[in-house]
Amino acid sequence: MRQESAIPLSAVDRLACRLLRAVTLVCDLLGVLLLAGVLLLIVAAVVARDLLNLGMPWTEEVATLLAIYAVGFGSLSAWVRGEHLLVDLFSHRLPPLALALQYRFTAILSCGFFALAAWGAWVMSEMSANNRTVSLGISFSYLYYGIFVGFAGMTLLSAWQALRGRVAWQAVGGSGGEAP
Amino acid sequence: MLELAIFVGGLLVLMIIGLPVVVAIGITSFVALGVTGSGGLPVELMSLRMVQTLNNFTLLAIPLFILAANIMNTGSTTTRIFDFATALVGFTRGGLGHANVVASSIFATMSGTAVADAAGLGSIEIKAMKERGYDLGYSAGITAASSVIGPILPPSIALVVYGWLANVSIGALFMAGILPGLLMALLLMGMTVALGAGGRVAMPAPAPFDGREVLRTGRRAVLPLMMPAIIVGGIWTGFFTPTEAGAVASLYAIVLGGLIYRDLSLKALYLSFRRTLMFSVAILLIIAVSSFYGWILVRIGIPQTLAGEVAGIDMPTVFLLLAFALFFLLIGCFMSVVESILIFTPIVVPAAMAAGLDPIHFGIVMVITLSVGVITPPFGNVLFLMVGITRLRYGQVVIAVLPFLLPILATILILIAVPSVATWLPDLLGY
């Protein structure tokens, strides 16, 4: 699902391009902040426990909650950037028309899956409203909202891809996120 | 077995048509749930399994170790390690080849993936080898091969995922990876000696040993070299868990680059975090959706059936493990290590345990054999990285890697024949 890197000509696609840039910027920033929060919380817990003899068991709960939201926001950005892992066996050998068809076909299937997953997350958030976490006592619904954000967002993005095909989202020379 | 063929076959078809792995696993799971269920499609089950999986402190080790490796690759840490390794073993024939393996082994004790090793150290190693007149193909081959040590020596993302899925102590798995990782490093260095002695590869004359240079580069690298001791020592002494070790390693890397060496800018730190986010999200989302896939497998009874069948096979365990290893070597050619572990661990581990195999030994064999896939065609990630770094053609890189597959396969065979290579250290340390 990697996007092209050229400014689109059509007004609709230009709008989508700006939206996608905004989505990646915001999601990147939120994801990075959440990840930094996870790091700081865990280090704080180690220092408090091993050096100050002070237990902070709630940090594990908060850290995993932050990580779930980091996955939610990060998965949106990763979808725009085309960073989700795939096995690319033959698409580079396809002629342009077949490539466009394959792109839309996979976008439709992805959209259907994400919609089901988002729906499931929403149902679970309602069913778990009265279940509370052990240390902090917050509702489990908040955990499911993190998943819902990611899947709902990817449903919209993949629906757009299925309808419009590839959409540019970043100026040439812009930095993408690459796996280490 | 028909269900297994449909389950795995359907998944492979969806992946081959170009669907992202997470979507392919999710669709296969939903289809299986719909076909085998008692009517309706309880879509909320996947979210339930996903949150149960992600709400797990152990899995946070994955982004944290990736972050530590990314930060170290940004600053001068990797250069310092390589310079020290060069001073230490560079005086021998093929010295930079040995230094390459030593540096990769050191870096492997700080990062958790082969790709992090090849991407970070690879360009430094190949540039140095090229400048000193080493054959470019040989340089690419040894750099790619030595990166396979990354997922074997602790910490290892693959071992974290396997341990979590197979319900095996991650600390024990980390310790079990040490001897096979060191054995592989030694055999790779042996191959360099063999290639140099045969005169088939251009290698410059060795420089004389310089003790002062070892001391100088050692002083520069002493702080990065403390990281493995912090990670392994901290876990072994019970000072912190593997996840906490990842956080401490990341913070240590930030302090080294940002405050001590002052070669890690805020922008570079942000980009390291973002790279970590992208890679971790892709893996964690697959892990979360795979837990649903694994749950359906168990619900259908596939692992139980397979375990019964394997337990009924009248074959020495060593041959059984060899058969598993061949299967994983084949799978590793097409799928990434973590994906393969996620898909096959719930299926094969019950079968392996039913046949009397040790889950720690089996896990190490599984991770090593699957890791070979990063340097085998057609999808070896490290091969593509080497093409990018060396500008050699893909086929040239594949041929350059071939001789180094021998020591890697020898390591696997020794590990299969002598299980104590993996189990001795965890047993000794009381795991």
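This report describes aromatic ring contacts in a predicted model.

## Aromatic pairs overall

A pair of aromatic rings is described by the distance of the centres and the angle of the planes. Over all chains, a search of the whole structure finds 21 aromatic pairs. One of them joins A:Tyr142 and A:Tyr145, with 5.7 Å from centre to centre and 85 degrees between the planes. This arrangement is edge-to-face.

## The tyrosine pair in chain A

Both A:Tyr142 and A:Tyr145 belong to helix 4 of chain A, which covers residues 141–164. The two are three residues apart, or about one turn of the helix.

A:Tyr142 has a relative accessible area of 43% and is partly exposed. A:Tyr145 is also partly exposed, at 30% relative accessibility.

## A stacked pair in chain B

The ring centres of B:Phe292 and B:Trp295 lie 6.3 Å apart, and their planes meet at 10 degrees, so the pair is stacked; planes under 30 degrees apart count as stacked. Helix 13 of chain B, residues 266–300, holds both B:Phe292 and B:Trp295. They are three residues apart, about one turn of the helix.

B:Phe292 is buried, with a relative accessible area of 0%, whereas B:Trp295 is partly exposed at 29%.

## A cluster and a charge over a ring

B:Phe292 and B:Trp295 also belong to a cluster linked by ring pairs.

In chain B, B:Arg80 lies over the face of B:Tyr261, at 3.4 Å from the ring centre.

Note on methods
Residues are numbered from 1 along each chain as its sequence is written. Chains are lettered from A and ligands numbered from 1 in the order in which they are written. This is a predicted model: local features need pLDDT of at least 70, side-chain atom pairs count only at pLDDT 80 or more; totals for chains, interfaces and linings use all residues. Side-chain values use heavy atoms; hydrogens and water are left out. Rings of Phe, Tyr and Trp (its six-membered ring) pair if their centres lie within 6.5 Å; planes under 30 degrees apart count as stacked, over 60 as edge-to-face and the rest as tilted. Helices (H or I, at least four residues) and strands (E, at least two) are DSSP runs, numbered from the N terminus. Buried means under 20% relative accessible area, exposed over 50%, partly exposed in between (1.4 Å probe, protein chains only). A charge sits over a ring if NZ of Lys or CZ of Arg is within 6 Å of the ring centre and within 35 degrees of the ring normal.
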